[in-house]
Amino acid sequence: MGINLTWYGHGTVGLDVDGQNVLVDPFFTGNPAASTTADKVEADFIVVSHGHGDHVGDTVDIAKRTGAQVITNAEMANWFEAQGLTTHGQHLGGGFNHPFGYLKLTQAIHGSGLPDGSYGGNPAGILLRAKSGEKVYLACDTGLFSDMQLIGEEGLDLATLPIGDNYTMGPDDALKAVKYLEPKNVIPVHYNTWDLIAQDADAWAERVNAETKTKAHVLQPGDEFNI
Ligand code: NI
Ligand code: MN
């Protein structure tokens, strides 16, 4: 029981939620940090946070191979459905009881244009409550926003936060995010994929561990973390 998270590099995360495989932002092809390839991952569900290429990634190929249902905002759900995929559209602030647990799309400060220029609606973060009770917040691509305090009121067992800067929060704002969210554990993501978002994750983790009650865990692509 519980949630086993695998970080595949960049913003790509696999969640084994009580035996169901929930793959988030599956960017393998063209991802220099990826720990595996798109033809090897399993998925019962694929969640896509926003329309950028490094998050839509290999969604279409993996969903066609595995039959996974794609969970995303309504605009992107329509875009994936037009490519023959099975989808479940939601929208910001809305949650739904999926077979693996309750998943809510949350606010994210970012963009969401799709790779072919189509309109991808608004970008999202992901709040997941497993049937076994564990709560995880994946901030996905976002800048800092103070309403993270409201998400923190859920009582988070784990959060993943971008620290790469340039496209998302950098280390300083991600530290502020930890203070707003107060999760038991935090994992930094969306860094070191390219030189443009190179960061010292160990140094960031030391600041988190010194300044907050949250425990920071620095993973290497392919590493797992269980709650
Ligand atoms: Ni993005
Ligand atoms: Mn990104």
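Modeller: Buried here means a relative accessible area under 20%, while over 50% is exposed and anything in between is partly exposed. Please keep in mind throughout that this is a predicted model.

Biologist: Fine, so which residues of helix α5 are buried?

Modeller: In helix α5, which spans residues 171-181, the buried residues are P171, A174, L175, A177, V178 and L181. They lie on the same side of α5, because the arc they cover around the axis is only 155°. As a general point, an α-helix has 3.6 residues a turn, so residues three or four places apart point the same way.

Biologist: And what do the buried residues of α5 pack against?

Modeller: Their partners are β10, α4, β11 (158-162), β12 (185-189) and α6 (201-211).

Biologist: Let's stay with α6 for a moment. At what angle do the axes of α5 and α6 cross?

Modeller: The two axes cross at roughly 30° and come within 10 Å, and the crossing of α5 past α6 is right-handed. On the α5 side the contact involves P171, D172, A174, L175, V178 and K179, which meet W204, R207, V208 and E211 of α6.

Biologist: What does R207 touch, leaving out residues up to four places away in sequence?

Modeller: With those neighbours left out, R207 touches P171, D172 and L175.

Biologist: Is R207 buried or partly exposed?

Modeller: R207 has a relative accessible area of 31%, so it counts as partly exposed.

Biologist: Changing topic to the metals: what coordinates the manganese ion (ligand 2)?

Modeller: The manganese ion (ligand 2) is coordinated by D54 and D141 through OD atoms and by H55 and H190 through NE2, at 2.1 to 2.3 Å. Along the chain these donors follow the spacing D-H-x85-D-x48-H. The pair H55 and D141 links distant parts of the chain, since H55 belongs to helix α1 (residues 53-56) and D141 to the loop between β10 (135-138) and α4 (148-152), 86 residues apart.

Biologist: Which residue bridges the manganese ion (ligand 2) and the nickel ion (ligand 1)?

Modeller: That residue is D141, and the two ions it bridges lie 3.2 Å apart. D141 is buried, with a relative accessible area of 2%, and H55 also counts as buried, at 1%.

Biologist: One last topic, the backbone. Where does D25 lie?

Modeller: D25 lies in the loop between β3 (20-24) and β4 (45-47), and it has a positive phi of about 50° although it is not a glycine. Its relative accessibility is 0%, so D25 counts as buried.

Biologist: Which loop holds D165, and is it buried or partly exposed?

Modeller: D165 is found in the loop between β11 and α5, where it takes a positive phi of about 70° although it is not a glycine either. At 38% relative accessibility, D165 counts as partly exposed.

Technical notes:
Residues are numbered from 1 along each chain as its sequence is written. Chains are lettered from A and ligands numbered from 1 in the order in which they are written. This is a predicted model: local features need pLDDT of at least 70, side-chain atom pairs count only at pLDDT 80 or more; totals for chains, interfaces and linings use all residues. Side-chain values use heavy atoms; hydrogens and water are left out. Donors are N, O and S atoms within 2.8 Å of the metal (3.2 Å for Na, K and Ca); water is not among the atoms, so sites may look incomplete. Helices (H or I, at least four residues) and strands (E, at least two) are DSSP runs, numbered from the N terminus. Buried means under 20% relative accessible area, exposed over 50%, partly exposed in between (1.4 Å probe, protein chains only). The arc is that of the directions from the helix axis to the C-beta atoms. Contact means heavy atoms within 4.5 Å. Axes are lines fitted to C-alpha atoms, for helices over the stretch in contact, and angles run from 0 to 180 degrees between N-to-C directions. A crossing is left-handed if the near helix is turned anticlockwise from the far one by less than a right angle, and right-handed if clockwise.
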